[in-house]
Amino acid sequence: MRRRLVLWSGLSVAILLVIGGGWLVSLPSAPAAAKAPPVPQAEVDATLVALKPPKRARPVVAIIGINDGTETTDYLMPYGILRRADIADVTALATSPGPVTLYPALKVQPDATIADFDARHPDGADYVIVPAMRRDDNPAALQWIRAQAAKGAIVVGICAGAKVVGAAGLLDGRQATTHWYYRSQLQERHPSLRFVPNRRFVVDRGVATTTGVSASMPMSLTLIEAIAGRGKAEQTARELGIASWDARHDSSIFAFTRPFALTAIGNTLAFWNRETLGVALEPGVDEISLALVADAWSRTYRSRVVTFTADGQPRRSRSGLEILPDTAATSGATEGALGSAIARRPVPALNETLQAIADRYRADTADLVALQLEYARPTALGERRE
């Protein structure tokens with residue numbers, strides 16, 4: 001009986017290996033990167049017109065999150081960019097009182113709840129920014145987003161936040177985009193949606209959507225340009241370390257490939273070789289650089305990021321958001337590994353982080369992270385390796 005069990009177990013493992021191997025072989029190799037063509041000026045102009053503030057000269061921007069799981073960079077990047085531009089009143093919201101747990105890293109205390117916001121702005125926001133959320137069907141979030149759209153707000157779905165916007169009923173019959181991993185899922189859920197390839201963001205009748213996590217930067221800069229003009233957007237872009245923020249994008253290099261799968265599987269199976277990286281929260285920390293660095297390191301399948309303060313108390317970010325530490329001490333984390341990148345401007349911080357990941361865990365892991373962020377890092381992404 002025991003021999004038979006061993007034989008069947010061995011056969012099952014062999015079958016799984018054959019099936020898994022066949023699946024891996026069926027995946028495409030990493031495509032070669034190509035330079036995306038520029039967006040026609042008429043399209044750029046139409047996008048800016050479509051994003052003009054619908055209500056106020058100084059618009060009100062609400063960024064909504066759910067308390068038990070909102071994507072880190074989707075939530076913090078638009079907040080930090082729009083706050084530092086100082087061309088709108090920007091509020092970070094949660095569906096319920098208490099902190100917002102961000103994923104894959106960080107925890108923040110939002111400025112207000114959606115109920116607080118409604119009491120303060122009964123006529124609604126000018127713009128509602130919807131990050132990716134662990135749940136696409138949170139009833140409070142969906143009801144509030146629908147209500148804001150009905151009051152005339154322009155709704156902006158960042159990355160997989162498009163799924164939340166779709167669940168609120170705002171994508172049917174519209175053109176849209178989303179993170180490469182969720183394209184098919186979004187189209188299956190909303191058959192009348194018209195997916196637009198090769199654009200980092202798409203605007204259609206009061207609803208904007210973007211591609212992956214990193215697209216919240218060009219989307220935010222485009223909002224600044226629509227609200228306050230090209231000069232203000234250029235000034236903010238220099239502060240971020242980015243030269244161009246139009247919608248050009250090569251969708252073909254972002255896909256589920258064999259190198260992506262092999263690296264994710266390999267890093268996951270090496271469970272004994274994990275690192276916890278500690279970040280000391282300092283007063284006035286740039287929440288954008290912090291988000292990008294913590295987000296990237298937490299997507300390696302090799303490391304996770306924890307924040308700490310010596311006294312265990314929160315710290316205010318550059319734009320005034322309260323960031324809660326994970327612990328009052330490093331608790332065995334590798335301290336100081338990320339500090340130099342967080343001190344840099346956001347785009348250099350991300351590029352430095354991806355290079356540091358490549359140096360620490362090999363270039364294929366840096367590519368794995370960049371692909372998750374839907375970000376064409378300066379070298380390597382799309383580059384074939386033997």
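## Reading the labels

Mentor: Helix 10 passes helix 14 in a left-handed crossing. The model is a predicted one.

Trainee: Which residues make the contact of helix 10 with helix 14?

Mentor: On helix 10 they are Phe260, Thr263, Ala264 and Asn267, and on helix 14 they are Asp364, Thr365, Leu368, Leu371 and Gln372. Sorted by class, the contact has four nonpolar, four polar and one charged residues.

Trainee: What makes one of these residues count as charged?

Mentor: Asp, Glu, Lys and Arg are the residues counted as charged. Asp364 is on the helix 14 side of the contact, so Asp364 falls in that class.

Trainee: How do the axes of helix 10 and helix 14 lie, and at what angle do they cross?

Mentor: The axes of helix 10 (residues 258-269) and helix 14 come within 9 Å and cross at roughly 110°. Angles of 65 to 115 degrees count as roughly perpendicular, so helix 10 is roughly perpendicular to helix 14.

Trainee: Is Arg362 counted as buried or exposed, and how do you know?

Mentor: The relative accessibility of Arg362 is 58%. Exposed means over 50%, so Arg362 counts as exposed. Arg362 sits in the loop between helix 13 (346-361) and helix 14 (363-373). Its phi is positive, about 90°, although Arg362 is not a glycine.

Trainee: And is Glu374 buried or exposed?

Mentor: Glu374 has 2% relative accessibility. The cut-off for buried is under 20%, so Glu374 counts as buried. The residue lies in the segment after helix 14. Glu374 also has a positive phi, near 50°, and is a residue other than glycine.

Trainee: What joins Tyr103 and Pro104?

Mentor: A cis peptide bond, with omega about 10°. Pro104 is placed in the loop between strand 4 (100-103) and strand 5 (107-109).

Trainee: What is the strand order of the open sheet of five strands?

Mentor: The order is 2-4-5-16-15, and the pairing is mixed. Strand 2 (70-71) and strand 15 (315-316) stand at the edges because each has a single partner strand, so one side of each has no neighbour in the sheet.

Trainee: How do you know that strand 15 and strand 16 pair?

Mentor: Two bridges join strand 15 to strand 16 (residues 322-323). Pairing needs at least two bridges, so the pair qualifies. The two strands run antiparallel, with Arg315 opposite Ile323 in strand 16.

Trainee: How are strand 1 and strand 6 paired with strand 3?

Mentor: Strand 1 (residues 60-65) is joined to strand 3 by six bridges, and the two run parallel. Ile64 stands opposite Leu93 in strand 3. Strand 6 (residues 112-113) pairs with strand 3 over two bridges, also in the parallel sense. There, Thr113 in strand 6 is the bridge partner of Ala94.

Trainee: What makes strand 3 mostly covered?

Mentor: Five of the six residues in strand 3 (residues 89-94) are buried. For each of those five, that means under 20% relative accessible area.

Trainee: What share of the whole chain is buried?

Mentor: Of the 386 residues in the chain, 54% are buried. The chain has 14 helices and 17 strands. Among contacts with a separation of 6 or more, 73% come from residues 24 or more positions apart.

Note on methods. Residues numbered from 1 in each chain as written. Predicted model: local features only at pLDDT ≥ 70, side-chain atom pairs only at ≥ 80, totals over all residues. Heavy atoms only, no water. Helix = DSSP H or I, 4+ residues; strand = E, 2+ residues; numbered from the N terminus. Buried < 20%, exposed > 50% of the residue type's maximum accessible area, 1.4 Å probe, protein only. Axes fitted to C-alpha atoms, helices over the stretch in contact; angles between N-to-C directions. Parallel < 35°, antiparallel > 145°, perpendicular 65-115°, else oblique. Left-handed = near helix turned anticlockwise from the far one by under 90°. Contact = heavy atoms within 4.5 Å.
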